[in-house]
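Let's walk through this structure together, one kind of contact at a time. Keep the sequence and the 3D view at hand as you read.

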Amino acid sequence: MAITMEMHESKNVFGEPLVPCSTDPLTGFFRDGCCNTNDQDLGSHTVCVEVSRAFLQFSRERGNDLSTPVEEFGFPGLNPGDRWCLCAARWLEAQKADMAPRVFLQRTHVRALEIVPLAVLREYAADLN
């Protein structure tokens with residue numbers, strides 16, 4: 001079975017071109033700054049968020065410490081206010097626990113909608129007036 005790194009079409013939840021999420025820290029399944037995805041991205045790292053202190057604590061308690069640097073993977077660790085491509089299921093888990101971070105819809109990949117309804121994401125939108 002061949003592994004391909006071809007990414008799905010780079011579109012946001014509105015069907016428009018996906019806007020980069022963060023280059024500092026560099027995020028995304030492909031570490032291209034965008035929440036792009038493909039079939040190998042089993043976690044669906046498609047939701048662009050602004051992490052909060054409360055969310056980072058929530059994630060740590062769930063076994064995914066996003067605050068601590070992991071040098072061997074080039075991961076600097078996240079600080080409150082950083083943008084990050086989060087797994088859609090983790091975001092939904094946080095939302096159900098009332099701990100979801102704010103979302104940037106223009107920077108969130110359309111494939112996130114396979115896990116999280118747009119109406120729910122809109123409630124946490126940081127980029128809608």
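E93 and R90 both sit in helix α2, three residues apart, which is about one turn of the helix. Helices here are DSSP runs of H or I with at least four residues, strands are runs of E with at least two, and both are numbered from the N terminus. Before going further, please keep in mind that this is a predicted model, in which local features need pLDDT of at least 70, side-chain atom pairs count only at pLDDT 80 or more, and totals for chains, interfaces and linings use all residues. Residues are numbered from 1 along each chain as its sequence is written, and side-chain values use heavy atoms, with hydrogens and water left out.

E93 and R90 form a salt bridge, with their closest N and O atoms 3.1 Å apart. The term covers a side-chain nitrogen of Lys or Arg within 4 Å of a carboxyl oxygen of Asp or Glu. In general, side chains of opposite charge can pair when their charged atoms come close. R90 is buried, at a relative accessible area of 17%, while E93 is partly exposed at 30%. The cut-offs behind these words are under 20% relative accessible area for buried, over 50% for exposed, and partly exposed in between, using a 1.4 Å probe and protein chains only.

E93 has another partner as well: its side chain meets that of R62 in a salt bridge, at 3.2 Å from N to O. This pair links distant parts of the chain, since R62 belongs to the loop between α1 (53–61) and β2, whereas E93 is in helix α2 (residues 88–96), 31 residues away. R62 is partly exposed, with a relative accessible area of 38%.

How many salt bridges does the structure hold? There are six. Among them is the one between E114 and R111, whose closest N and O atoms are 2.6 Å apart. E114 counts as exposed at 58% relative accessibility, and R111 is partly exposed at 24%. Elsewhere, salt bridges that share partners join R62, R90 and E93 into one network.

Now for the strands. Strand β1 (residues 45–50) and strand β2 (residues 83–87) pair in the antiparallel sense over five bridges; two strands count as paired if DSSP finds at least two bridges between them. Within this pairing, E50 of the chain stands opposite R83 in β2. Strand β1 is also joined to strand β3 (residues 102–103), by two bridges, and these strands run antiparallel. The bridge partner of V49 in β3 is V103.

The cysteines come next. A disulfide is a covalent bond between the sulfur atoms of two cysteines. Here a disulfide is counted when a pair of cysteine sulfur atoms lies within 2.5 Å, and the count by this rule comes to two.

One of these disulfides is formed by C21 and C48, with their sulfur atoms 2.1 Å apart. The link of C21 and C48 is right-handed, with 85° about the S-S bond. C21 lies in the segment before β1 and C48 in strand β1, so this pair ties together parts that are 27 residues apart in sequence. C21 is buried, with a relative accessible area of 4%, and C48 also counts as buried, at 0% relative accessibility.

Another disulfide joins C35 to C85, at 2.1 Å from S to S. The link of C35 and C85 is left-handed, with -95° about the S-S bond. This pair, too, links distant parts of the chain: C35 is in the segment before β1 and C85 in strand β2, 50 residues apart. Both C35 and C85 are buried. If you number the bonded cysteines of the chain in sequence order, the pairing reads 1-3, 2-4.

Which cysteine sulfur is nearest to that of C34, which is in no disulfide? That of C85, 7.3 Å away. C34 counts as buried, at 10% relative accessibility. C87 is in no disulfide either, and its nearest cysteine sulfur, again that of C85, is 9.9 Å away. C87 is partly exposed, with a relative accessible area of 21%.
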